[in-house]
Amino acid sequence: MVFILSCHLFVCVFTDMATGHSKKCCEELVAAGAINTLLQLIQTVSRSIPDQEVLKHALSTLRNLARYPHLLQVLIQSRSSVQIIVLELLRLFQYSVVISSWKLMYRILCSYNSFQNFFQE
């Protein structure tokens, strides 16, 4: 179990760093289905300290993807993405990773289409 968590953490840290520096990397990850994978990961991590590190980097990666309007739209249109992020935000309010959740939610809500999508579901 520790080995699997270490692998998840390594991948999340690397992906967070890569998406923070490369638009092309963001586009390739989105094309490969990374948004749904990250959303599933966010839903499955526990509240342990190591899992919170994984969660922090997963949210930061989504925030990096959301910097680009065309990728933000893919995130918004992903099934239940807004609901997953809002629920995680509410759960993490007491933790330090709340900052990444708020920044990501801010980007989503600043998008004109997100308001329509959010209230239509």
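Tutor: A definition to start with: axes are lines fitted to C-alpha atoms, for helices over the stretch in contact, and angles run from 0 to 180 degrees between N-to-C directions. Note also that this is a predicted model.

Student: OK. At what angle do α2 and α5 pack, and how far apart are their axes?

Tutor: The angle is about 25°, and the axes of α2 and α5 lie 11 Å apart. Angles under 35 degrees count as roughly parallel, so α2 and α5 are roughly parallel to each other.

Student: Is the crossing of α2 and α5 left-handed or right-handed?

Tutor: Left-handed.

Student: Which residues make that contact?

Tutor: From α2, Lys23, Cys26, Glu27 and Val30; from α5, His70, Leu71 and Val74. By type, the contact of α2 with α5 has four nonpolar residues, one polar and two charged.

Student: Switching to the largest nonpolar core. Which of its residues touch the most other members?

Tutor: The core has 28 residues, and those touching the most other members are Ile35, Ile42, Leu62, Leu75, Leu104 and Ile108. Two or more residues each come from α2, α3, α4, α5, α6 and α7. The largest share, six residues, is from α4.

Student: What does Leu104 touch?

Tutor: Leaving out residues up to four places away in sequence, Leu104 touches Leu59, Leu62, Arg63, Ala66, Leu75 and Ile85.

Student: And Ser81, buried or exposed?

Tutor: Ser81 has a relative accessible area of 0%, so Ser81 is buried. Ser81 is in helix α6, residues 81-91.

Definitions and conventions:
Residues numbered from 1 in each chain as written. Predicted model: local features only at pLDDT ≥ 70, side-chain atom pairs only at ≥ 80, totals over all residues. Heavy atoms only, no water. Helix = DSSP H or I, 4+ residues; strand = E, 2+ residues; numbered from the N terminus. Buried < 20%, exposed > 50% of the residue type's maximum accessible area, 1.4 Å probe, protein only. Core = buried A, V, L, I, M, F, W, Y, C linked by side-chain atoms within 4.5 Å. Contact = heavy atoms within 4.5 Å. Parallel < 35°, antiparallel > 145°, perpendicular 65-115°, else oblique. Left-handed = near helix turned anticlockwise from the far one by under 90°. Nonpolar A, V, L, I, M, F, W, Y, C, P; charged D, E, K, R; others polar.
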